Amino acid sequence: MGFDPHEPEQRGKLNDALGAAGISVGELWLRYFSMSGSAGEYEVQAYAQGLISLPVTQRDLLAMAANELIDEKPQPRAPYADQLDDSNAAGAGDLGDHDARGQNPNT
């Protein structure tokens with residue numbers, strides 16, 4: 001396995017994304033493994049810590065797994081005016097009877 005000059009940057013950005021989304025390396029490994037990843041959990045942990053190198057295909061599979069996990073996380077949403085009333089105006093961000101997409105599930 002040769003040295004890839006982009007690997008440290010890819011590793012760092014993967015770790016940044018996992019940290020920002022609150023995703024553990026264990027969660028990442030489970031998704032990666034379910035997508036046919038070939039590295040073991042300890043290898044992924046060692047890679048994330050910069051202790052070992054992984055081939056480009058495996059690093060890209062880790063990135064794909066991370067992005068899928070990130071996409072599944074609920075994201076904060078800005079409320080529409082009709083989602084606010086006097087009781088929750090002070091707690092902006094409460095969607096009341098609306099789901100995360102701003103849709104009212106009762107209609």
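# Inside a predicted model

Visitor: Where does S36 lie?
Guide: Helices here are DSSP runs (H or I, at least four residues), numbered from the N terminus. Helix 2 spans 25–34 and helix 3 spans 41–48. S36 sits in the loop between helix 2 and helix 3.

Visitor: What kind of model is this?
Guide: Residues are numbered from 1 along each chain as its sequence is written, and side-chain values use heavy atoms, with hydrogens and water left out. Local features need pLDDT of at least 70, side-chain atom pairs count only at pLDDT 80 or more, totals for chains, interfaces and linings use all residues, and the model is predicted.

Visitor: Is S36 buried or exposed?
Guide: Buried means under 20% relative accessible area, exposed means over 50%, and partly exposed is in between (1.4 Å probe, protein chains only). S36 has 59% relative accessibility, so the label is exposed.

Visitor: What is the phi of S36?
Guide: S36 is not a glycine, yet its phi is positive. The value is near 80 degrees.

Visitor: How far apart in space are G26 and E41?
Guide: G26 belongs to helix 2. G26 is partly exposed, with 27% relative accessible area. In sequence, G26 and E41 are 15 residues apart. From C-alpha to C-alpha, the distance is 6.9 Å.

Visitor: Which residue forms a salt bridge with R59?
Guide: Side chains of opposite charge can pair when their charged atoms come close. A salt bridge puts a side-chain nitrogen of Lys or Arg within 4 Å of a carboxyl oxygen of Asp or Glu. For R59, the closest N and O atoms are 2.5 Å apart, and the partner is D4.

Visitor: How many residues apart in sequence are the parts that R59 and D4 tie together?
Guide: R59 and D4 form a salt bridge. R59 lies in helix 4, while D4 lies in the segment before helix 1 (7–21), so the bridge ties together parts whose separation in sequence is 55 residues.

Visitor: Are R59 and D4 buried or exposed?
Guide: R59 has a relative accessibility of 4%, so R59 counts as buried. D4 comes in at 16%, so D4 is also buried.

Visitor: What is the N to O distance between E7 and R11?
Guide: E7 and R11 are four residues apart in helix 1, so about one helical turn separates them. E7 is buried at 3% relative accessible area, and R11 is buried at 14%. Their side chains meet in a salt bridge, with an N to O distance of 3.7 Å.

Visitor: Which residues join into one salt-bridge network?
Guide: K13 and E9 meet in a salt bridge at 3.3 Å, N to O. K13 is exposed at 53%, and E9 is partly exposed at 46%. Salt bridges that share partners make one network of D4, E7, R11 and R59.

Visitor: How are the rings of W29 and F33 arranged?
Guide: The whole structure holds one aromatic pair. The ring centres of W29 and F33 are 5.0 Å apart and their planes lie at 25 degrees, so the pair is stacked. Rings of Phe, Tyr and Trp (its six-membered ring) pair if their centres lie within 6.5 Å; planes over 60 degrees apart are edge-to-face, the rest tilted, and those under 30 degrees stacked.

Visitor: Which backbone nitrogen does the side chain of Q83 reach?
Guide: Q83 is in the segment after helix 4 (56–72). At 4% relative accessibility, Q83 is buried. At 2.4 Å, its side chain reaches the backbone nitrogen of Y80.

Methods:
Helix = DSSP H or I, 4+ residues; strand = E, 2+ residues; numbered from the N terminus. Polar contact = N/O pair within 3.5 Å; in protein donor to acceptor, adjacent residues only side chain to side chain.
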